[in-house]
Amino acid sequence: MKQVMKIALVACAIILSVPAQADELQKLLQQIRSDVSRDRSQDAERLQAFQGDHNRQLALLNDARKRLAAAEAEQERLKAEFQANEDALTEQGEALRMRSGQLGEVFGVVKQQAQELQGQLSDSLITAEYPQRDELLAFAELKRIPLLAELEGLWFLLQQEMTATGEVAPFTASVVKPDGSRAETNVLRIGPFTALTSEGHYLNYENGVLQQLPVQPDSGVITQARDFMAGQGNVVVVDPSRGNLLALLAQTPDLKARIAQGGLVGYIILSLGGIGLLVALWKLMTTITVELSVRKQLRQPQQAHSNNPLGRVMQAGESGRTTDETELRVDEALLKEAPILERGLTLLKLVAAVAPLLGLLGTVTGMIGTFQSITLFGTGDPKLMAGGISQALMTTVLGLCVAIPLLFCHSLLAARSRRLLQLLHQKGLALLATQRANLSDADEARHAA
């Protein structure tokens with residue numbers, strides 16, 4: 001009974017579920033139909049867009065083919081026109097050659113002369129007064145025949161250059177100062193050789209610009225040039241090499257550069273020279289002071305002063321009671337005064353003797369550096385050896401320049417010291433002779449009594 005009831009329940013459940021499954025299937029079928037319809041419409045739209053793109057591309061292709069055909073036709077036309085122009089140019093050139101005859105060679109010579117004149121004008125000082133005049137020679141770089149006006153321009157420039165060569169002409173131009181600044185300045189041109197400013201400074205023309213020389217001649221030449229510019233003088237220095245000699249002044253080393261070429265040895269020599277000069281001046285002052293005090297003592301022989309060597313010698317002689325004692329005291333005083341009078345002369349003589357030896361040392365070290373440069377770099381570039389040679393020569397010069405004046409100073413001061421010592425000896429001997437004479441007179445008087 002129970003089994004029958006279970007079967008009945010299952011059957012009822014099956015009967016109740018069949019209508020529900022039918023509804024779900026119906027919904028699924030409708031969804032599938034709507035999806036298919038939507039996909040078909042999308043495919044139709046894509047196909048329509050593709051057809052439109054295809055038609056547009058076909059139109060562009062046809063247009064490109066038309067333009068290509070037109071370009072090819074234009075190319076053929078231009079080729080034909082170019083060939084026709086080439087043929088016409090050849091015919092015209094041949095006709096020109098036939099008509100010009102020997103004038104072609106003349107025009108070639110004219111262009112050659114114009115090119116040479118261009119180079120001359122670019123370096124000529126006269127161009128500073130007449131800038132941009134080389135524009136008249138622009139035809140020299142062209143292949144065509146020069147025009148009559150251009151030929152006249154060539155003749156005019158040649159005549160202008162020759163005429164201006166013998167002129168002294170003032171003009172105003174922009175001048176580059178040594179610091180790089182520019183200034184409008186009154187300039188006096190003396191032919192093609194020299195240019196001066198109103199301050200008397202010399203100028204150089206280079207790369208189309210007037211430049212003031214960084215190193216000017218000496219003050220006498222500058223003053224002379226200034227007076228000439230002001231109309232107060234009739235003499236001025238002219239560089240016949242058109243500024244090349246004056247430009248070399250910038251490469252000439254001054255005294256400071258010369259001393260620097262001597263290197264460390266050169267500075268040592270100059271230091272010793274300064275010490276020797278100070279010693280010589282000090283010794284000269286002390287010697288003059290001693291000479292003045294000795295002369296003053298000579299004018300007062302009856303009264304000995306201790307502020308001078310002669311007075312001290314006289315005091316030492318007067319302190320002796322006998323002739324022998326007086327002689328010993330005078331000798332002692334002279335021995336004391338001699339080192340004082342000769343003080344500093346030994347150092348002065350030593351410096352005068354060492355300076356040339358140091359110069360020789362610098363010469364040797366400089367030549368060693370020169371030979372090292374030759375070993376490393378060879379003899380192809382003389383500038384590599386110039387440093388060692390400059391040191392070798394400058395140290396020798398500095399040593400001699402220090403030694404020679406110091407030798408003269410030593411000789412002068414030694415002579416004055418010897419003269420003072422000789423005077424002291426003479427006065428000491430005179431003092432002894434006077435004392436002996438007094439003693440002799442006293443003995444004679446005693447014997448007579």
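1. A nonpolar surface patch is made up of Leu25, Leu28, Ile32 and Val36, which together have about 360 Å² of accessible area. Patch members have over 30% relative accessible area and no salt bridge (a Lys or Arg side-chain nitrogen within 4 Å of an Asp or Glu carboxyl oxygen), with nonpolar side chains joined within 5 Å and like charges within 9 Å. Areas are Shrake-Rupley values with a 1.4 Å probe.

2. Leu25 lies in helix α1 (residues 2-100); helices are DSSP runs of H or I with at least four residues, and strands are E runs of at least two. Leu25 counts as exposed because its relative accessibility is 58% (exposed is over 50%, buried under 20%, partly exposed in between).

3. A word on the basis: this is a predicted model, with local features needing pLDDT of at least 70 and side-chain atom pairs pLDDT 80 or more, while totals for chains, interfaces and linings use all residues. Residues are numbered from 1 along each chain, and side-chain values use heavy atoms, without hydrogens and water.

4. Beyond its neighbours within four places in sequence, Leu413 contacts (heavy atoms within 4.5 Å) Ala280, Lys283, Leu284, Thr287, Leu345 and Leu348.

5. Overall, the protein has 12 helices and 5 strands, and 29% of its 449 residues are buried.

Terms used
Buried means under 20% relative accessible area, exposed over 50%, partly exposed in between (1.4 Å probe, protein chains only).
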